[in-house]
Amino acid sequence: MTLVFENRDTVIFQIQEMMRAEKISDLDKIREEIEVYNELIPAPGELSATLFLEIEDQTHLREDLLKFLGIDESVYLKVGNQSIHARFEEGHSKDDKISAVQYVKFPFSEATLQAFAKGEKAELVINHPNYQASAAIEADTRQSLVEDLTA
């Protein structure tokens, strides 16, 4: 699994890459891409990310992806003793189907934002029956995320 935090700059890069890869030059199609990707831009006080479920062996892709059903209830940021549960964009997971790309947002309360900005221990946690992992948010990453949260 890979989680990539998004902001205005990363979204612009994604739009540019999509236009290049798909050879999009029609103004209406460019507007459509901008509209789709604008949903990734975090609102003030929240972080936005793209979560990639990476399956290397493509022979059983559907079955392997189905093992991640319920992931939308299993991802959170822990800041000090507080947890911020990820809000997953709807439509990427159903009872019998899941997308390998998920869009998530982490809405911070004012107290959690202050704790995060002050440097309380922070980590990203995934606690799913078929996948458990955690990663500390290091100082450089934290500083960048604080800038996104307060932009």
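# Reading a predicted fold, feature by feature

Tutor: The largest nonpolar core of this structure, which is a predicted model, has 30 residues, and those with the most contacts inside it are Leu 47, Ile 71, Val 75, Leu 77, Phe 106, Phe 108 and Phe 116.

Student: Which strands and helices each supply at least two residues of this core?

Tutor: Strand 1 (2–6), strand 2 (46–52), strand 3 (75–79), strand 8 (101–107) and strand 9 each do so, as do helix 4 (110–118) and helix 5 (139–150). As a general idea, nonpolar side chains in soluble globular proteins tend to be buried together.

Student: What is the count of buried residues in strand 10?

Tutor: Strand 10 (residues 131–136) is hardly covered, for among its six residues the count of buried ones is zero.

Student: Turning to a helix, where do the buried residues of helix 2 fall when I look down its axis?

Tutor: The buried residues of helix 2 are Ile 30, Glu 33 and Tyr 37. They fall within an arc of 60 degrees when seen down the axis, so they line one face of the helix. These buried residues pack against helix 1 (8–21), whereas Glu 32, Glu 35 and Val 36, on the other side of helix 2, are exposed. As for its length, helix 2 (residues 27–38) has 12 residues and reaches 16 Å from its first C-alpha to its last, close to the 16 Å expected at 1.5 Å a residue.

Student: How many salt bridges does a search of the whole structure find, and how should I read one?

Tutor: The search finds five salt bridges. The general idea is that side chains of opposite charge can pair when their charged atoms come close. In helix 1, the side chains of Glu 17 and Arg 20 meet in a salt bridge at 2.5 Å, N to O, and these two residues lie three residues apart, about one turn of the helix. Glu 17 is partly exposed, with a relative accessible area of 40%, while Arg 20 counts as exposed at 54%.

Student: Which residue forms a salt bridge with Asp 28?

Tutor: Asp 28 forms one with Arg 31, and the closest N and O atoms are 3.3 Å apart. Asp 28 and Arg 31 are three residues apart in helix 2, so about one helical turn separates them. Asp 28 counts as partly exposed at 48% relative accessibility, and Arg 31 is partly exposed with a relative accessible area of 48%.

Student: What does the salt bridge between Glu 46 and Arg 87 link?

Tutor: In this pair the closest N and O atoms are 3.5 Å apart, and the pair links distant parts of the chain, with Glu 46 in strand 2 and Arg 87 in strand 5 (residues 87–88), 41 residues apart. Glu 46 is buried, with a relative accessible area of 8%, whereas Arg 87 counts as partly exposed at 44%. Salt bridges that share partners join Glu 46, Arg 87 and Lys 105 into one network.

Student: Finally, where does Lys 23 lie, and is this residue buried or exposed?

Tutor: Lys 23 lies in the loop between helix 1 and helix 2, and at 71% relative accessibility it counts as exposed. The backbone is worth a look here too, for Lys 23 has a positive phi of about 55 degrees although it is not a glycine.

Definitions and conventions:
Residues numbered from 1 in each chain as written. Predicted model: local features only at pLDDT ≥ 70, side-chain atom pairs only at ≥ 80, totals over all residues. Heavy atoms only, no water. Buried < 20%, exposed > 50% of the residue type's maximum accessible area, 1.4 Å probe, protein only. Helix = DSSP H or I, 4+ residues; strand = E, 2+ residues; numbered from the N terminus. Core = buried A, V, L, I, M, F, W, Y, C linked by side-chain atoms within 4.5 Å. Expected span 1.5 Å × (residues − 1). Arc of directions from axis to C-beta. Contact = heavy atoms within 4.5 Å. Salt bridge = Lys/Arg side-chain N within 4 Å of Asp/Glu carboxyl O.
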